[in-house]
Amino acid sequence: MARPAAAAKPEGQPAVAYGSEIADALLAHVEIEPGQGIEELALAMGTPATELEEPIKKLLAENKITEEQDQGQTSYYPT
């Protein structure tokens, strides 16, 4: 069975705005379900993990989320 196609940037919408929407959704999810890793977040949001890397970096830089390492696994928490 084929997997559904990944959500693409809406036509006509700037990539920066789309990235901000992903970051906002990601922050909301981390606040609801703290302690998840990128793969769990991607699965829950229906977004490829590679599309979450930049929004995670943005949220970390803005001190909106923190990351914790445990046995090689990174988990994300709201600040």
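**Overall layout**

Reply: Happy to. The protein has three helices and two strands, where helices (H or I, at least four residues) and strands (E, at least two) are DSSP runs numbered from the N terminus.

Me: In what pattern do they follow along the sequence?

Reply: Along the sequence the pattern is α-α-α-β-β. This is a predicted model, where local features need pLDDT of at least 70, side-chain atom pairs count only at pLDDT 80 or more, and totals for chains, interfaces and linings use all residues. Residues are numbered from 1 along each chain as its sequence is written, and side-chain values use heavy atoms, with hydrogens and water left out.

Me: OK, what's the mean pLDDT?

Reply: The mean is 83, and 76% of the residues reach 70 or more. pLDDT is the predictor's confidence in each residue, from 0 to 100.

Me: How much of the protein is buried?

Reply: Buried residues make up 28% of the 79 residues. Buried means under 20% relative accessible area, exposed means over 50%, and partly exposed is in between (1.4 Å probe, protein chains only). The accessible surface comes to about 5,500 Å², and 53% of that belongs to carbon and sulfur atoms. Those areas come from the Shrake-Rupley method with a 1.4 Å probe, and for residues only the protein chains shown count as cover.

Me: What share of the contacts is between residues 24 or more positions apart?

Reply: They account for 45% of the contacts with a separation of 6 or more.

**Helices and the loops between them**

Me: Let's switch to the helices. Which residues of α3 are buried?

Reply: A49, L52, P55, I56 and L59. The helix length works out too: at 1.5 Å a residue, the 13 residues of α3 should span 18 Å, and its end C-alpha atoms are 19 Å apart, which agrees. The expected span is 1.5 Å times one less than the number of residues in the helix.

Me: What about T47, buried or exposed?

Reply: T47 counts as buried because its relative accessible area is 15%. T47 lies in the loop between α2 (38-45) and α3 (49-61).

Me: What does T47 touch?

Reply: A42 and L52, not counting residues up to four places away in sequence. Also, a polar atom of the T47 side chain lies 3.4 Å from the backbone oxygen of M45.

Me: On to the strands. How many bridges join β1 to β2?

Reply: Six bridges join β1 (residues 65-70) to β2 (residues 73-78), and the strands run antiparallel. Two strands pair if DSSP finds at least two bridges between them.

Me: Which residue stands opposite T74?

Reply: Q69 does, and a polar contact of 2.5 Å joins the side chains of T74 and Q69. A polar contact is a pair of N or O atoms within 3.5 Å; within protein, one must be able to donate a hydrogen and the other to accept it, and residues adjacent in sequence count only if both atoms are side-chain atoms. Leaving aside neighbours within four places in sequence, T74 is in contact with Q36, G37, I38, E67, E68 and Q69.

Me: Which residue in the hairpin takes a positive phi?

Reply: Q71, near 55°, in a hairpin with two residues between the strands. Q71 is a residue other than glycine, and Q71 counts as exposed because its relative accessibility is 77%.

Me: What's the phi of N63, then?

Reply: Near 60°, a positive value in a residue other than glycine. N63 lies in the loop between α3 and β1, and N63 counts as exposed because its relative accessibility is 57%.

Terms used: Contact means heavy atoms within 4.5 Å.
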